Amino acid sequence: MNAADQSALFLVSEAMSYTYAAALRAAAVLGVADHLADDARDADTLAEATGCDAAGLRRVLRLLVARGIVSPDGPDRFRLTAAGSALRRDVPGSVREAILMLTDDMFWRTSHVVGDTLRTRSPSFEAVFGSTVDDYFGSDPAKAALFYAGMEAVSAAENRLIARACELPGSGTVADIGGRYGGFLHAVLDANPSLRGILFDRPDEVVKHQPLRGRVEVVAGDFFESVPPADVYLLKRIIHNWDDDQSVRILSTCRRSLRPGGRVLVIDAFVPPGDEPHDSKAMDFMMLGALSGRERTAAELEPLVTRAGLRLSHVVPTGTPLSVAVTEATE
């Protein structure tokens, strides 16, 4: 086979990669994993339990076998693998809601037209849906609920690992900026029992907060304007939502209220400098379609931090796609 043929076959195969995500979504919608929780089942039994066509379900399962989500267990029988277990609804760390969110048309449709919107230099979300993300969610509460439930599922899978990687003082106050429901702050306080916390978010968000064992003050506000004083600020999946100037404004707000010797921890999916596969690159493509922000490299974050009166000290991996960029105040 010559090089041209190899290239053609490779690219055609790559273009069909979306079918795996679609099959994963189908399994999540039907609740296939829930019906495989206790034992292997044949396709006919699964189809009856999920209310779908058995012949079609076999074809979906065949693709999921190829990707290691389910495995064959005798003729026409399938078993859920360890890799696929988090697709169940009833297990700690379930990501079913995240799968439904990540494969929803709010991402697929915007990704589909990125090639066109690169010419217009504006987010494809607005071109597709005719509104900003915030306005879209405001007009469609079901979509907003899907998005935030999906993000909560993603966060639940990563929060404890990231909390352990954060370099925090032995005492003082940690403020989770834009922390929404407080899941990450809860994980941080669990890992650091001597710290107190502040959960800071917009007024319409903090009313949804659930108390965190009496160690958390809930404060409403706008992080472009001011934040309460703290020894450490946590900015998890915040800076990546905004363009450079907006990001500097947020970082500057934190710098103004940072107590002496404090730190601002920027927690995002930083793109590694090499060419190896990394989830941050797929996440960055999704950001390209939906928002004006981006997943940055550490080198791209550094000048923004400097403009805000901070110094990028080092970046700590967490064992998840996210890393912790540790920044400190300059003199």
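In this predicted model, helix H2 (residues 18-30) and helix H5 (residues 54-66) approach with their axes within 9 Å and cross at roughly 120°, where axes are lines fitted to C-alpha atoms, for helices over the stretch in contact, and angles run from 0 to 180 degrees between N-to-C directions. H2 is therefore oblique to H5, given that angles under 35 degrees count as roughly parallel, over 145 as roughly antiparallel, 65 to 115 as roughly perpendicular and the rest as oblique. Helices (H or I, at least four residues) and strands (E, at least two) are DSSP runs, numbered from the N terminus. In H2, Thr19, Tyr20, Ala23, Leu24, Ala26, Ala27 and Leu30 meet Leu57, Val60, Leu63 and Leu64 of H5, contact being defined as heavy atoms within 4.5 Å. By class, the contact of H2 with H5 comprises 10 nonpolar, one polar and no charged residues, with Ala, Val, Leu, Ile, Met, Phe, Trp, Tyr, Cys and Pro counted as nonpolar, Asp, Glu, Lys and Arg as charged, and the others, Gly among them, as polar.

Residues are numbered from 1 along each chain as its sequence is written, and side-chain values use heavy atoms, with hydrogens and water left out. Because the model is predicted, local features need pLDDT of at least 70 and side-chain atom pairs count only at pLDDT 80 or more, whereas totals for chains, interfaces and linings use all residues.

Three strands form an open sheet in the order S1-S3-S2 with antiparallel pairing, two strands being paired if DSSP finds at least two bridges between them. S2 is joined to strand S3 (residues 77-80) by three bridges in the antiparallel sense, and Pro72 stands opposite Phe78 in S3. H5 packs on this sheet, touching S2 and S3, and its direction makes about 100° with that of S2.

A further open sheet is formed by seven strands in the order S6-S5-S4-S7-S8-S10-S9, with mixed pairing. Its edge strands are strand S6 (216-220) and strand S9 (310-317), each of which pairs on one side only, and neighbouring strands of the sheet are turned by 20° against each other on average, direction ignored. Strand S5 (residues 195-201) and S6 run parallel and are joined by five bridges; the bridge partner of Leu199 in S6 is Val218. Helix H11 (residues 141-165) packs on the sheet, touching strand S7 (230-236), strand S8 (258-268), S9 and strand S10 (323-329), and its direction makes about 145° with that of S7. Helix H16 (residues 298-307) lies across S8, S9 and S10 and runs at about 150° to S9.

S9 and S10 pair in the antiparallel sense over seven bridges, with Arg311 opposite Glu328 in S10. The hairpin of these strands has five residues between them, and Gly319 takes a positive phi near 85° there.

H11 also packs against helix H7 (residues 105-112), at an angle of about 90° and with the axes 11 Å apart; H7 and H11 are therefore roughly perpendicular to each other. Asp105, Met106 and Phe107 in H7 meet Lys143, Leu146 and Phe147 in H11, a contact with four nonpolar, no polar and two charged residues.

The mean pLDDT of the protein chain is 92, and 97% of its residues reach 70 or more, pLDDT being the predictor's confidence in each residue, from 0 to 100.
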